[in-house]
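Here are my notes on this model, as numbered points. Please read them with the structure open.

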Amino acid sequence: MLESYLGAGIMMLMAIGIAGGMVVMTSMLGPKREFADKMEPFECGESPIVSPHQRFSVKFYLVAVLFVLFDIEAVFFFPWAILFKQLGMFGFIEMLLFILILGVGLLYVWKRGGLDWE
Amino acid sequence: MEPITAPAIDLVSLAPVLVLSVFGIMVLVTDLFIGKDKSVLVFISLTGLLMGAISSLAKYNLPVHSFNGAYIVDHLSVFFTFIFCISSALAILVSVDFNKREGIKVGEYYSLILFCTVGMVLLASATDMIMIFLGIEIVSISLYVLAGIRRNDPKSNEAALKYFLLGAFATGFLLYGMTLLYGSTGSTKLVMIASAIRNGGVASEPLLLMGVVLLIIGLGFKVAAVPFHMWAPDVYQGAPTPVTAFMAVGPKAASLAAFYRIFSEAIPQLSPSWEILLCVVSVITMFVGNLGAIMQTNIKRLLAFSSVAHVGYLIIAIIAKNSLSSSALMFYMLTYAFMIFGTFGIVILLGRKGDENLEIENYSGLAYKHPVLALSMTIFLLSLGGLPPLAGFVAKFFVFSAALKEGFLILVIIAVLNSAVSLYYYLKVIVFMYMKDPVKEFDITLSPMTLFVIAISIFGTIQLGIFPDSIIALAQAN
């Protein structure tokens with residue numbers, strides 16, 4: 001029973017080893033030249049200390065949500081494509097329905113102006 | 001390679017869900033191609049609800065199990081599907097004039113109501129925890145959006161945000177409870193859970209009981225039982241009035257149906273443990289609901305607390321879990337739909353653009369100006385309070401007799417006392433309408449659709465009160 005998890009265990013150990021090893025080794029081997037700007041916390045090019053009362057565009061949020069939706073669609077496509085022959089007609093029709101429903105969603109977003117940047 | 005066989009799919013038993021989904025999508029798409037006038041959408045959604053109700057009769061040798069025992073079509077689910085279709089149709093009818101008046105111009109409104117109905121039907125027919133969770137999520141997500149559909153109104157935004165944050169939190173509890181039940185019995189199907197408990201196949205008794213407690217918390221939130229009712233008054237007050245009426249009936253009925261199914265089909269063996277818990281929840285729900293309502297000056301908050309109190313009575317039916325209690329649940333929710341839509345119909349009529357007239361004071365003197373409206377309101381309120389010969393009395397009588405049959409005498413006595421308390425605040429509104437001078441001018445536009453809803457509700461409230469036999473026979477036909 002437990003042996004069947006051996007492979008997964010070894011893979012996890014290797015993943016931890018490689019990731020951890022890289023962090024440890026860069027901090028030990030890498031050159032260190034410290035100056036004030038470099039030691040500031042860094043977040044996507046934003047200054048760390050500013051007033052939080054700023055406006056930001058919600059357009060990014062909409063694009064991100066749409067991206068997740070269609071990304072998931074793609075995720076479903078991969079296993080379906082691999083098993084396409086075995087699933088037969090049933091799988092084909094089911095997938096068509098799935099795409100149709102998502103297509104209606106895309107049509108809705110499009111007509112509603114969700115894809116207009118301005 | 002071996003071809004993979006398609007799983008058994010019984011589309012006929014899923015018919016109402018499919019019909020309602022298709023019509024919901026149709027409304028969504030049609031909305032894109034029509035102009036400002038949304039009456040086509042109203043027509044499509046009402047047709048969809050009618051077809052949905054009819055299609056639920058597609059199977060006539062009940063009960064039918066399908067989807068590997070995850071879905072059932074039985075009397076409970078068919079009857080509840082009818083309640084959902086009726087209440088959603090009433091909600092749409094009552095919104096037509098309201099939306100015009102308040103400038104709610106989004107067509108999504110109607111499709112969200114249809115999608116919400118889909119979730120409710122799933123909830124009433126689900127016999128698998130995952131299906132129940134799916135139903136609850138469909139219902140809740142539609143409601144979060146509906147509560148905040150007036151985007152420019154801060155109250156509506158507050159309602160939506162509060163409902164969303166607390167609702168998402170409660171969903172977590174529900175899911176955790178389901179996980180523990182699955183972990184200790186090895187199945188998500190209600191029947192399998194029951195048989196695992198009966199045959200001693202429980203891996204961990206404490207975890208099972210923990211799961212039951214978490215389920216009570218999660219479902220208690222969804223039906224607004226005390227102490228998980230905090231959201232109800234604020235959300236009911238902030239949401240647009242037709243949405244409030246909709247929320248108070250359909251989704252509540254659906255959650256109660258799932259509540260009943262889980263507790264009577266999956267874990268009846270554990271009833272010595274959860275019975276006392278539910279008794280406590282029921283009693284404090286009745287007390288907090290009724291005593292809270294007495295303090296209110298806003299009619300929507302008053303009705304919110306009254307609806308909390310009604311959940312208290314309905315939980316008694318779940319505790320009793322005999323054959324009588326399921327039909328009592330069905331009958332109660334049907335009558336409740338009529339009473340609530342009637343009351344809210346009048347609340348909507350009394351408002352006008354920019355001033356909804358929601359203070360109870362504003363009802364003073366209504367009987368002199370609009371005697372018929374005041375009389376209708378009186379009928380609805382007395383029925384909510386449970387006075388014979390109105391429908392509310394028969395419904396309560398039914399629930400209480402189900403509990404008495406199982407020997408819950410003290411619980412029933414408390415419920416009857418609470419019923420008497422509730423009359424105080426219902427009568428308060430009536431006293432304002434009949435015995436006080438008007439504080440301000442009434443400026444009422446008698447919009448035909450809303451009047452139609454009120455007329456249907458009056459008919460339902462009186463008909464079910466005086467001749468309940470035929471509907472009771474339908475509810476008991478299992």
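1. L214(B) lies in helix α8 of chain B. Helices (H or I, at least four residues) and strands (E, at least two) are DSSP runs, numbered from the N terminus. The model is predicted: local features need pLDDT of at least 70, side-chain atom pairs count only at pLDDT 80 or more, and totals for chains, interfaces and linings use all residues. Residues are numbered from 1 along each chain as its sequence is written, while chains are lettered from A and ligands numbered from 1 in the order in which they are written.

2. Why is L214(B) counted as buried? Because L214(B) has 20 C-beta neighbours inside 10 Å. The cut-offs: buried at 20 or more other C-beta atoms within 10 Å of a residue's own, exposed at 12 or fewer, partly exposed in between, with C-beta atoms placed from the backbone.

3. Beyond residues up to four places away in sequence, L214(B) touches F173(B), Y176(B), G177(B) and L180(B). Contact means C-beta atoms, placed from the backbone, within 7 Å.

4. Helix α8 of chain B covers residues 205–223. Its 19 residues should span 27 Å at 1.5 Å a residue, and the end C-alpha atoms are 27 Å apart, so the two agree. The expected span is 1.5 Å times one less than the number of residues. Just after α8(B), A224(B) has a positive phi of about 65°.

5. Buried residues of α8(B) include L208(B), G211(B), L215(B), F221(B) and K222(B). The buried set packs against α5 (129–147), α6 (154–185), α10 (241–266), α11 (271–295) and α12 (299–320) of chain B.

6. Now the core. A nonpolar core is a set of buried Ala, Val, Leu, Ile, Met, Phe, Trp, Tyr and Cys residues joined through C-beta atoms within 7 Å. The largest has 178 residues; L123(B), I316(B), A337(B) and V399(B) touch the most other members. Helix α13 (residues 323–350) of chain B gives the largest share, 20 residues. Leaving aside neighbours within four places in sequence, I316(B) contacts S282(B), V399(B), A403(B), L411(B) and A415(B).

7. Chain B has 19 helices and 2 strands. Of its 478 residues, 56% are buried. Its C-alpha trace spans about 75 × 60 × 40 Å along the principal axes. Among contacts in chain B between residues at least 6 apart in sequence, 80% join residues at least 24 apart.

Notes. Contact = placed C-beta atoms within 7 Å.
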